[in-house]
Amino acid sequence: MSVPHRTSDLLYKYLRTDKKFPHLWCPGCGNGIVMGSLIRAVDKLGLDQDDVVVISGIGCSGRMPVYVDFNTLHTTHGRALAFAAGLKLANPDLHVIVVMGDGDATAIGGNHFIHAARRNLDITAIVINNHIYGMTGGQYSPTTPTGDRSTTSLWGVLERPFDICKLAMSSGTSFVARSTVYHVKLLDRLIVSALEKNGFAMVEAVSTCPTTYGRYNKKGGPVAMMKELRDQAVPVEKAGDMAEGELTGRLVTGVLQDVDIPEYCDMYDKIIERAGGAD
Ligand code: SF4
Ligand code: MG
């Protein structure tokens, strides 16, 4: 019988506790919860730290590669998937994990996101969706709900938000799943499954930003925001029995798409073979 690790063992094994802490995330931020899920997933699969790469763009979530003790890249805003694609093609044996925020993944990096999905490189993308640009000043993002307030929408957002999972599914992502920072055990399991998938796998982690999104929208602080996530979530199995109208404002959680599609590096190997070898 395997004995579970103590949390502190994992912290000292996988975080750069001696160099990069204290971290800069605000009290009540969900980013640390997602980081916990990420390291537990890597640990559960027994991946060698030297075979794991964590890449981010810019933003509060972009700090994650600074704190985790893997091969890490902190890149430019919205471009993490482009760096990841190059790295994966050059070193297909590495486990490449990309951490992005909602603005990072679906605004500045929107084109990289849909084309990474279409291309189907074996990359795990974790999109932390807190419905706002936290670090850059609380501007509204492509996932801010219509009518919600931010520093750039003081009277409410006029635009309709993206559903990140639907965007990923319609772009051809092989594995699409959603959890929240309240549903941590589910988030752990989904990241494990995403890492195991041979193809582009995207996990949306709906998160909390009490400092900007919460404050501007009078969400009542971190605990109230967590309770809202708890109440909004509907497991995908249950959602199947609900009418479309009943799902308005709810978050469908679990595995939303899981299909087998030829992986890009595998196809590239075949091209090399057909062309007469790599030498
Ligand atoms: Fe987290 Fe928001 Fe603070 Fe950024 S600004 S660290 S997203 S709570
Ligand atoms: Mg954000």
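1. In this note a residue is called buried when its relative accessible area is under 20%, exposed when it is over 50%, and partly exposed in between, with a 1.4 Å probe and protein chains only. By that rule both Glu204 and Arg178 are buried. The model is predicted, so local features need pLDDT of at least 70 and side-chain atom pairs count only at pLDDT 80 or more, while totals for chains, interfaces and linings use all residues. Residues are numbered from 1 along each chain as its sequence is written, chains are lettered from A and ligands numbered from 1 in the order in which they are written, and side-chain values use heavy atoms, with hydrogens and water left out.

2. Salt bridges. Ten salt bridges are present in the structure; the term denotes a side-chain nitrogen of Lys or Arg within 4 Å of a carboxyl oxygen of Asp or Glu. One of them joins the side chains of Glu204 and Arg178, at 2.9 Å from N to O. Because Glu204 belongs to strand E6 (residues 201–206) and Arg178 to strand E5 (residues 175–180), this pair ties together parts that are 26 residues apart in sequence. Helices (H or I, at least four residues) and strands (E, at least two) are DSSP runs, numbered from the N terminus.

3. Lys197 and its partners. Lys197 forms a salt bridge with Asp258, with the closest N and O atoms 2.7 Å apart. Lys197 lies in the loop between helix H8 (184–196) and E6, and Asp258 in strand E8 (residues 251–258), so parts 61 residues apart in sequence are tied together. Lys197 also forms a salt bridge with Asp260, where the closest N and O atoms are 2.9 Å apart. Asp260 lies in the loop between E8 and helix H12 (264–274), so here the pair ties together parts 63 residues apart in sequence. A network of salt bridges that share partners joins Asp163, Arg178 and Glu204. As for accessibility, Lys197 is buried at 9%, Asp258 is partly exposed at 47%, and Asp260 is exposed at 74%.

4. Magnesium site. The protein donors of the magnesium ion (ligand 2) are Asp102 (OD), Asn130 (OD1) and Ile132 (O), 2.1 to 2.3 Å from the ion. Asp102 is in helix H5 (residues 102–108) and Asn130 in the loop between strand E4 (123–129) and helix H7 (164–170), 28 residues apart. Donors are N, O and S atoms within 2.8 Å of the metal (3.2 Å for Na, K and Ca); water is not among the atoms, so sites may look incomplete. Asp102 and Asn130 are both buried.

5. Nonpolar cores. A nonpolar core is a set of buried Ala, Val, Leu, Ile, Met, Phe, Trp, Tyr and Cys residues joined through side-chain atoms within 4.5 Å. The largest has 40 residues, and those with the most contacts inside it are Leu38, Val42, Met64, Phe70 and Ile97. H8 supplies the largest share of this core, seven residues. Apart from it lies another core, of 27 residues, including Ala85 and Met202.

6. Backbone points to inspect. The peptide bond from Phe21 to Pro22 is cis, with omega near 10°. Pro22 is found in the loop between helix H1 (7–14) and helix H2 (31–45). His131, in the loop between E4 and H7, has a positive phi near 65° although this residue is not glycine. His131 is buried, at 16% relative accessible area.
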